[in-house]
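Colleague: I would like to learn how to read side-chain features in a model. Can we take them one by one?

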Amino acid sequence: MVLIGILLSNINGFAEVRIYSYGRHPILFVLTSLLLGGACVCLALFFQHNRLLGVLGRNTLAILLLHKFPVVFFQSICLMVKNMLSDSCEFNRTMMALIISVVVIAMCYIAGLVIENMAPIVLGKSK
């Protein structure tokens, strides 16, 4: 499912929904979206009972609220990360982005726990 979706995406070309550009063939865009969306659903069903994903899922609001600050820090202030993200090697860029993602999620999760203990109402929870 994923491989067919990636193949159709490559055939269709560049697509950017925000500017209403759906590639060469809008029908291929819809098929690709359905296939890759279905693959995401299958992946979610496969990891349905994963404890780590369950914990992160229950704390999504804190992660969504707080993630911008560490991301901007890593992108603009931390020079080593900034240089790695602009590296010519795609593998290095991807690995650095994955590492940053894990670190940012961990930082936001910890900050979310602090907020939940100090002011749970901010996250829509009661004491």
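Colleague: Is arginine 18 buried or exposed?

Modeller: This is a predicted model, so keep that in mind throughout. Arginine 18 has 72% relative accessibility, and the cut-off for exposed is over 50%, so arginine 18 counts as exposed.

Colleague: Which residue forms a salt bridge with arginine 18?

Modeller: The general idea comes first. Side chains of opposite charge can pair when their charged atoms come close. Here the partner is glutamate 16. The closest N and O atoms of the two are 2.9 Å apart.

Colleague: How many salt bridges does the count come to?

Modeller: The count is 2. Lysine 125 and glutamate 116 form a salt bridge too, with their closest N and O atoms 3.2 Å apart. Lysine 125 is partly exposed, at 29% relative accessible area. Glutamate 116 is partly exposed as well, at 27%.

Colleague: Now rings. How many aromatic pairs does a search of the whole structure find?

Modeller: A pair of aromatic rings is described by the distance of the centres and the angle of the planes. The search finds 3 pairs. One of them joins tyrosine 22 and phenylalanine 29. Their ring centres are 5.0 Å apart and the planes sit at 55°, so this pair is tilted. Tyrosine 22 is partly exposed, with 27% relative accessible area.

Colleague: What about phenylalanine 73 and phenylalanine 74?

Modeller: They form an edge-to-face pair. The distance is 5.3 Å centre to centre, with 65° between the planes. Phenylalanine 73 is partly exposed at 38% relative accessibility. Phenylalanine 74 is buried, with a relative accessible area of 14%.

Colleague: How many disulfides does the search find?

Modeller: The answer is 0. Take cysteine 40. Its closest cysteine sulfur is in cysteine 42, at 9.3 Å, which is too far for a bond. The cut-off for a disulfide is 2.5 Å. Cysteine 40 is exposed, with 52% relative accessible area. Cysteine 108, by contrast, is buried at 2%.

Colleague: Next, helices. At what angle do helix α5 and helix α7 cross?

Modeller: Two packed helices are described by the angle between their axes and the distance between the axes. Helix α5 covers residues 68-77 and helix α7 covers residues 90-118. Their axes cross at roughly 145° and come within 9 Å. The crossing is right-handed.

Colleague: Which residues of α5 and α7 meet?

Modeller: From α5 come Pro70, Val71 and Phe74. From α7 come Ile100, Val103, Val104, Met107 and Cys108. Two residues we have already met, Phe74 and Cys108, are in that list.

Colleague: Let us follow one of them. Is proline 70 buried or exposed?

Modeller: Proline 70 lies in helix α5. Its relative accessible area is 9%, and under 20% means buried, so proline 70 is buried. Leaving aside neighbours within four places in sequence, proline 70 is in contact with Val104, Met107 and Cys108. Phenylalanine 14 is 56 residues away from proline 70 along the chain. The C-alpha atoms of these two are separated by 29 Å.

Colleague: Last, the backbone. What is the phi of tyrosine 20?

Modeller: Tyrosine 20 has a positive phi of about 60°, although it is not a glycine.

Colleague: Where does tyrosine 20 lie?

Modeller: Tyrosine 20 is in the loop between α1 (2-12) and α2 (26-46). At 68% relative accessibility, tyrosine 20 counts as exposed.

Note on methods. Residues are numbered from 1 along each chain as its sequence is written. This is a predicted model: local features need pLDDT of at least 70, side-chain atom pairs count only at pLDDT 80 or more; totals for chains, interfaces and linings use all residues. Side-chain values use heavy atoms; hydrogens and water are left out. A salt bridge is a side-chain nitrogen of Lys or Arg within 4 Å of a carboxyl oxygen of Asp or Glu. Buried means under 20% relative accessible area, exposed over 50%, partly exposed in between (1.4 Å probe, protein chains only). Rings of Phe, Tyr and Trp (its six-membered ring) pair if their centres lie within 6.5 Å; planes under 30 degrees apart count as stacked, over 60 as edge-to-face and the rest as tilted. Axes are lines fitted to C-alpha atoms, for helices over the stretch in contact, and angles run from 0 to 180 degrees between N-to-C directions. Helices (H or I, at least four residues) and strands (E, at least two) are DSSP runs, numbered from the N terminus. A crossing is left-handed if the near helix is turned anticlockwise from the far one by less than a right angle, and right-handed if clockwise. Contact means heavy atoms within 4.5 Å.
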